[in-house]
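Here is a short report on one protein chain. Look at the sequence and the model first, then read on.

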Amino acid sequence: MSALLRFVNRAALQRTLAVRGIKTSPKKDETAAVAGPVTKEDFANPNPKNWVSYGFDYKDEANDRNSTKSSFFFAVTLCLAWGTFVWAYLPDTQMRDWAQREAFLELRRRELAGVDLVSPNYVDPATIVLPSDDELGDTEIII
């Protein structure tokens, strides 16, 4: 029932607006009075007096726009896009891949030889100095 009431109210509202005929856009045949014929330059830049420089050239608008576009092209496209691409595909200068490859080869060699993967005597036990029981006291030791 409420949907039916909303539909009826909507239809009534649309009829009311259609009768009023409110238009906010200018008519097609209304144009501003211009002295002389309208050229392509006037159409592209209707208000040339309000030019604000981008800071590359304060006297010539075309040179200012060209300098702005070229500097952003070089900064964004060449430096950021191509620079990131080149940096991502640079060779491994710190040999991280080599170290990992050597570790896998050493693990495979130890597995085939039947030796422990990491030697329990990697550090000589004679060089390790452990505290005595008196020095430890009541310190909790978690293993």
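Helices are DSSP runs of H or I with at least four residues, strands are runs of E with at least two, and both are numbered from the N terminus. The model is predicted: local features need pLDDT of at least 70, side-chain atom pairs count only at pLDDT 80 or more, and totals for chains, interfaces and linings use all residues. Residues are numbered from 1 along each chain as its sequence is written, and side-chain values use heavy atoms, with hydrogens and water left out.

**The chain as a whole**

The chain has five helices and zero strands. Read along the sequence, its pattern is α-α-α-α-α. Of the 143 residues in the chain, 2% are buried. Buried means under 20% relative accessible area, exposed means over 50%, and partly exposed lies in between (1.4 Å probe, protein chains only). The accessible surface of the chain is about 14,200 Å², and 60% of that belongs to carbon and sulfur atoms. Such areas come from the Shrake-Rupley method with a 1.4 Å probe; for residues, only the protein chains shown count as cover.

**Salt bridges**

A salt bridge is a side-chain nitrogen of Lys or Arg within 4 Å of a carboxyl oxygen of Asp or Glu. How many salt bridges does this rule give? The count is three.

| Salt bridge | Closest N and O atoms |
|---|---|
| Glu61 and Arg65 | 3.7 Å |
| Glu106 and Arg110 | 3.2 Å |

Start with helix 3, residues 61–88. Glu61 and Arg65 both lie there, four residues apart, about one turn of the helix. Glu61 is partly exposed at 26% relative accessibility. Arg65 is partly exposed too, with a relative accessible area of 29%.

Now move to helix 4, residues 96–113. Glu106 and Arg109 are three residues apart in helix 4, so about one helical turn separates them. Glu106 counts as partly exposed at 31% relative accessibility. Arg109 is partly exposed at 46%. Arg110 and Glu106 are four residues apart in helix 4, so about one helical turn separates this pair. Salt bridges that share partners join Glu106, Arg109 and Arg110 into one network.

**The span and end of helix 4**

Helix 4 has 18 residues and reaches 26 Å from its first C-alpha to its last. That is close to the 26 Å expected at 1.5 Å a residue. The expected span is 1.5 Å times one less than the number of residues. Just after helix 4, Gly114 takes a positive phi of about 80°.

**An annotated region and a nonpolar patch**

An unreviewed UniProt entry places a "transmembrane region" at residues 72–90. UniProt positions follow the numbering used here, feature names are shortened, and annotations may be inferred rather than shown by experiment. In the model, residues 72–90 are 89% helix and 0% strand, with the end C-alpha atoms 25 Å apart.

Which residues make the nonpolar surface patch of about 1,100 Å²? They are Phe73, Phe74, Leu78, Trp82, Phe85, Val86, Trp87, Tyr89 and Leu90. Patches take residues with over 30% relative accessible area and no salt bridge; like charges are joined within 9 Å, and nonpolar side chains (Val, Leu, Ile, Met, Phe, Trp, Tyr) within 5 Å. Val86 is found in helix 3. Val86 is partly exposed, with a relative accessible area of 48%.
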